[in-house]
Amino acid sequence: MEKIYSNKIWVSFLRYIEKNHGKNTVRDILNELSVDEVELSDPAGFQTDEWAIRFAEVAMKYTNDSQLAYHCGLNFSDSLGIIGSMAIGYTSPEVVMDQVVKIETQIALKTQLKMEKLGNNRYKVAVSFKDGFLEHEMGCQNRVGGYEAIPRIFGLPYAKVDHTKCRFKGAEQCEYLITMPESGFIIYKKISAITFLSATVWFLISFATAFSQTNLLGAGGLFVLGIVLYTKYKSRQAQESLKWSIFSTEALINQNSELMYSNRQISHLQKFTVDLNRSTSIQQLCDLTVGFLTKEFDYGSSQIWLVDNVEKSVVCRSAKGYPEQMEKLIRSTPFAFEENWKNPEGILAQTLHDRKTLVVNEVEETSSKLSSSGADFLRQLNLSSFIVTPLFEITRPIGVLAAEHHDGRKLDNKDKLLFQSISNIVANALVKAELFASMEDKIQEKTRDLEFTSRQLLVAKEMAIQSEKMSSLGQMAAGVAHEINNPLNFLVNVIPEIRRDMEGLNKIRLIAEGSIENKERMLEIKQIEKSYDLESHLEEMEFVFGRIKKALNKSAQIVNSLKVFSRSSDKEKVSEESFRQMISEVLELIPKTNIGETKINISGSENITWSVNKNEMEQAILIFINNAIDAMEKQGELKIVIREEAEGPMLLFKDSGPGVPPEIQRKIFDPFYTTKPPGKGTGLGLTIATEIVKKYGGKIELISKPGEGASFLLYFENTRRQ
C-alpha cells in the first residue's frame, strides 16, 4: 500500500499526547500499534492511509478525546518551540499561512492546497486530493485547529475559521475561510526589539572603549524608546484582544445561531423520517414530502416527480405552494426523456442523467439554455432560486425532488447538503413503499386465487348437489310420466270409442223419435232430452271431442318432455341437437302462470344444431329464459334469436327489462350473487349456465344499458366443436 503521510505528523501528535496525557499513554498507543518509537521518529519516513486511520482510532481510545486531531492542531504554535516561535514571530501571518500550505503538501502527498488572500487579515484555503483520494475526517479537524492557532505565534488571539465546504458532507473539496486578528501593530514589537538590541550593543561598546556621558545618554534614550514602543505594542495588543474578544463573541453568537438552525433542521429531519416510515403509500409519501419542504424547511414551493418507465417520462405526483392553476399545470405536464436521458426540456432529465444536485440562483440565465417551452414553463413558476436533486435506488432512477424560493432568497451549500439528505430519506422510503405495494399486489393476487379456487369448489359442490337434485327430480319425473302415461294412453284409446258410441246413440235417438207414435212416450223422451240438454251437447260434440283430443295431445307432449328431462346426463352421450327444438321443448315445460303476460318470440332455423348433452343444454336455456321473465316481472317481450355466424352458431336472449347496472355486470356470473329478494334465488343459475355453455365450447357475453334491457349472447365456435 502507498505511503502518503509523513512521520512528522505523528511525532507532533505523540508530543501533544505525552504533554497532556503522559508517557504511559504514548507507550500504550505504540504497543497496540506494534510500532517502534525510534522508527516512527525518522523524519524521512511515511505511513499508509490505513495506518493513519488505525492510529487515529487507537489514539482517541487511549486519550478518550474524540477531538484529538483538532486539539493537536491548536498546539501548533507550542510545537514550534521557543526559538522557532521567536523566529517566525518576526514575520507575518500571511507568510506563515503560505509556509503552512507548502509544508502540508510535503507531509501529506495526496493533498493539494491553494491559499488565496481575500482581504486584510482574511484568507481562503482550498484543499483537494489527487487520484480520487479521500482523507480521514480527522484531517479536517487538525487543519481547523492549526489555522486557528497561527495568530498565537504573534501573541494574538486565535483566528476564526469557517469550514464552509467539506468533502465528507458532499462537496467536491474542502474550503476554509480564515479571519486573523489585526496584526499591523506588531511592527512596534519588532522596532522595540531592535531598539533594545541597539541600546544593549551601545552600552557594551561604550564599556569596551571610552565610557562617556554622551554614549550613556544615547544608549539610555534608545532603551527608553524601546520601552515606549513595546508599551505601544502591548497597548495595541490589549485593544486588539478586546476588539477580537467582542468579534469572537459575535462569532460565537452566530455559531450558536447556526447550531440552533442545524439542530432545528436535524429535528425536522428526524420527524420527517419517522413520518415517512409510517407511510406505505407512494402517493401519501409524495404529499408528505412536499408538505414538509414547504412547512418545516421554509421553501416557498415544492414538487416531486417520479419516473414512468412505461411512458418514458417523469410525472409530477405531488406539488405544493403554487396557485391553483399553476399546480394543475405542473401536475398535468409530463416531461419525456429518451433512453439516453437527453431531452431539450433539460433540467429534470439532465438531473437524473448527471445524478447530481442542481442549485440555481440565476433563474433567467438557466432559462436561456432551455427550449422555448421549457423556458416558458420555468418562467411561469416565478422563481428567485430553486434546487433539484435526483432520487435513486443505487443505479435505478426513481424520480426528482425540487423546491423553490419566490421571495428573492438564494440557496447555498447548506441547502444543498440538507436537500441531499432529504432526497436520500425520500428515495429509501419510496423504495420501501414500492416493495410494500409489490408484496400487497402479490398477497391480493394470492387472495384472489384462493377466493377463485374457493368459489370453484363451492360451484362444484353446488353443481354436485344440483346434479343430485336433478337426478332425483329426473327419477321422480320418470315415475310421474310413467304413472300419467298409462291413464293418458287409456283415454287416448277410449275416446274414439266413446265418440263412436255417442254417434250410434244419436242415430238410435233420431230413429226412436221418428218411429214412436205413442205421444206419452214421446213426451217422456223429450223431457229426458231437455233435462240432460242432449240437443246442445250433441251439437257441440265435434267441438268437445276436438278439445279433448288437443288436451290429450298436450298432455302427451308434457309427459314426453318429462321423459326426456328425466334421462341421466351422466349416462346419455352427446349428440347433434337443434337449438330451436330444445328451446321449444323447454317452453313446453314452463307453466303458463310462470310466463304470465310475457311475449316470447323465437326466430331461427331448425337446422342450426350443435353437439351437446340435450338435458344439460336445456337446463342452461331454461335458466336464461326464467331470468329474463323474472327481470321483466312477467311482462314485456323476450326475443330469442338463433343465427349461424361465420365462427359458429349464436343464440341471443334479449329482454325488455330494466337492464343490468354496470357496477354489477361482472358480479352476476359469480356464485351466490343474486339481485333477487331473499328466498327467491340462490345466485347459482348463471354460474351453472356458464359452466354448461363452456363445457360445449361456447362463451357468454352480456350487453346491457340501464333502462334498455339485457342481451345474453351465446357464441359457439366451430374450432371448439366436441
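## Overall picture

Two residues are in contact when they have heavy atoms within 4.5 Å of each other. Take the contacts in this protein with a separation of 6 or more: 68% of them link residues 24 or more positions apart. Keep in mind that this is a predicted model.

The chain has 722 residues, and 39% of them count as buried. On the secondary-structure side, there are 24 helices and 19 strands. The protein exposes about 41,200 Å², with carbon and sulfur atoms supplying 55% of that area.

Ile498, Met502 and Leu505 make a nonpolar surface patch of about 250 Å². Leu505 sits in helix H17, which covers residues 413-515. Is Leu505 buried or exposed? Its relative accessibility is 53%, so Leu505 counts as exposed, the cut-off being over 50%.

## A negative patch

Over on the charged side of things, Glu18, Asp36, Glu37, Glu39 and Asp42 form a negative surface patch. One of these, Asp42, lies in the loop that runs between helix H3 (37-40) and strand S2 (46-48). Asp42 has a relative accessible area of 37%, so it is partly exposed.

Which residues does Thr690 touch once neighbours within four places in sequence are left aside? Thr690 is in contact with Phe669 and Ile700.

Methods:
Residues numbered from 1 in each chain as written. Predicted model: local features only at pLDDT ≥ 70, side-chain atom pairs only at ≥ 80, totals over all residues. Heavy atoms only, no water. Patch = residues over 30% accessible without salt bridge, like charges linked within 9 Å, V, L, I, M, F, W, Y side chains within 5 Å. Areas by Shrake-Rupley, 256 points an atom, 1.4 Å probe, with all protein chains shown as cover. Salt bridge = Lys/Arg side-chain N within 4 Å of Asp/Glu carboxyl O. Helix = DSSP H or I, 4+ residues; strand = E, 2+ residues; numbered from the N terminus. Buried < 20%, exposed > 50% of the residue type's maximum accessible area, 1.4 Å probe, protein only. Lys, Arg positive; Asp, Glu negative; His and termini not counted. Charge placed at Lys NZ, Arg CZ, Asp CG, Glu CD.
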